[in-house]
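Please examine the structure shown below together with its sequence. The paragraphs that follow lead through selected features of the fold, one region at a time.

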Amino acid sequence: MMILLFLLFLGISALLFKFITADGDFTLMSKKHVKRDEIEDKVVWITGASRGIGEILAKQLANLGAKLILSARNEAELERVKAQLTGKHAPNEVQILPLDLASGEDSLRQAVEKAESFFARSGVDIMIHNAAFERPMSSAAGKAPAPGQAVYSASKFALNGYFHTLRSELCQKGIKVTVVCPGPIETSNGSGATTSTKRSSSEKRVSSERCAELTIIAASHGLKEAWISYQPVLAVMYLVQYMPTMGYFLMDKIGGNRLEAAAKKGNTYSLGLIFGKRKAT
């Protein structure tokens, strides 16, 4: 009996340690590596590819042997990214397709037709919707309340609902959809500076490189949803998902404190916010 209890204690301790140190949800963490055969020689179209996570996704996918189509509004920046790519089909076979997602339905339809004409008209195997006005992809703010970011959070909840519904509508046609929900990410603004320079230095953020890697892992394994973040954001997402009453109580508890911390450029992800600690640094 003592041996069984000891083994149970070790198992729980290992699970707890894995949860505390994780930078993604348990399902995502269980996959560990990219399924390269799902990426190599596939046509991958990336929007928002001129900087930040989009640029890093392009570099990693090129190294994995993907055939790339890069889109963003700034053609010069896309050419810069293309010139830096290395891989089985890069940089010479990489296609540049300037695109403004706000340009209207007709313009977008023409862009799709052009993208499908690349690579001997073989179509597009993977579409990565990374472009956005402020921040790319979905977000942890689309799974749990984000005090101080009500409109942003609402847009992410809407995005999640749209793409999960789209997957249900199209899955029998063989079309898969992976919704990626990152928490705080260290991203470049295109000039080499990072977003965290505007925030408290104590905020722990997942690197853009790791975020891109986990995004590709999630997509190559066909995961329906993937969470990417460190603690305490992951814990809040789990609480809101599986114990909503407790999760929303916690968010109500820290809401005002988080607004004050944000106004002071402080750590808006600190556990201290629960106890009313509102330090600016």
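Phe119 lies in helix H5, which spans residues 105–121; helices (H or I, at least four residues) and strands (E, at least two) are DSSP runs, numbered from the N terminus. The model is a predicted one, in which local features need pLDDT of at least 70 and side-chain atom pairs count only at pLDDT 80 or more, while totals for chains, interfaces and linings use all residues. Residues are numbered from 1 along each chain as its sequence is written, and side-chain values use heavy atoms, with hydrogens and water left out.

The backbone of Phe119 deserves attention: its phi is near 50°, a positive value in a residue other than glycine. With a relative accessibility of 15%, Phe119 counts as buried, a term that means under 20% relative accessible area, whereas exposed means over 50% and partly exposed lies in between (1.4 Å probe, protein chains only). Asp41 also has a positive phi, of about 70°, although it is not a glycine. Asp41 is placed in the loop between helix H2 (26–31) and E1, and at 34% relative accessibility it counts as partly exposed.

The bond from Ala90 to Pro91 is cis, with omega near 0°, and Pro91 belongs to the loop between H4 and E3. A cis peptide bond also joins Gln231 and Pro232, with omega about 5°; Pro232 is found in the loop between E8 and helix H8 (233–242).

The loop that holds Pro91 also holds Leu85, as this residue is placed between helix H4 (75–84) and strand E3 (95–96). Is Leu85 buried or exposed? Leu85 is buried, with a relative accessible area of 2%. Leaving aside residues up to four places away in sequence, Leu85 touches Ala58, Lys59, Ala62, Leu68, Leu70, Ala90, Pro91 and Val94, where contact means heavy atoms within 4.5 Å. Between Leu85 and Ile185 there are 100 residues in sequence and 23 Å in space, C-alpha to C-alpha.

Another loop residue, Ser50, sits between strand E1 (43–47) and H3. Ser50 is buried, its relative accessible area being 11%. Its contacts, not counting residues up to four places away in sequence, are Glu55, Ala72, Glu77, Leu78, Arg80 and Val81.

Glu55, one of the residues that Ser50 touches, takes part in a salt bridge with Lys59, the side chains meeting at 3.1 Å, N to O. A salt bridge is a side-chain nitrogen of Lys or Arg within 4 Å of a carboxyl oxygen of Asp or Glu. Because Glu55 and Lys59 are four residues apart in helix H3, about one helical turn separates them. Glu55 is buried, with a relative accessible area of 11%, whereas Lys59 is partly exposed at 29%.

How are two packed helices described? They are described by the angle between their axes and the distance between the axes. Helix H3 (residues 52–63) packs with helix H7 (residues 208–220) at an angle of about 60°, and the axes are 9 Å apart. Axes are lines fitted to C-alpha atoms, for helices over the stretch in contact, and angles run from 0 to 180 degrees between N-to-C directions. H3 and H7 are therefore oblique to each other, since angles under 35 degrees count as roughly parallel, over 145 as roughly antiparallel, 65 to 115 as roughly perpendicular and the rest as oblique. On the H3 side, the contact is made by Ile53, Ile56, Leu57, Gln60 and Leu61, and on the H7 side by Ser208, Glu209, Cys211, Ala212, Glu213, Thr215 and Ile216.

Glu213, one of these contact residues of H7, forms a salt bridge with Arg210 (3.1 Å, N to O). The two residues are three apart in helix H7, so about one helical turn lies between Arg210 and Glu213. Arg210 is partly exposed, with a relative accessible area of 24%, and Glu213 is partly exposed, with 32%. Elsewhere, salt bridges that share partners join Arg36, Glu40, Asp41 and Lys88 into one network.

In total, the structure holds 11 salt bridges. One of them joins the side chains of Lys143 and Glu225 at 3.0 Å, N to O. This pair links distant parts of the chain, 82 residues apart: Lys143 is in the loop between strand E4 (126–128) and helix H6 (150–170), and Glu225 is in strand E8 (residues 225–228). Both Lys143 and Glu225 are buried.
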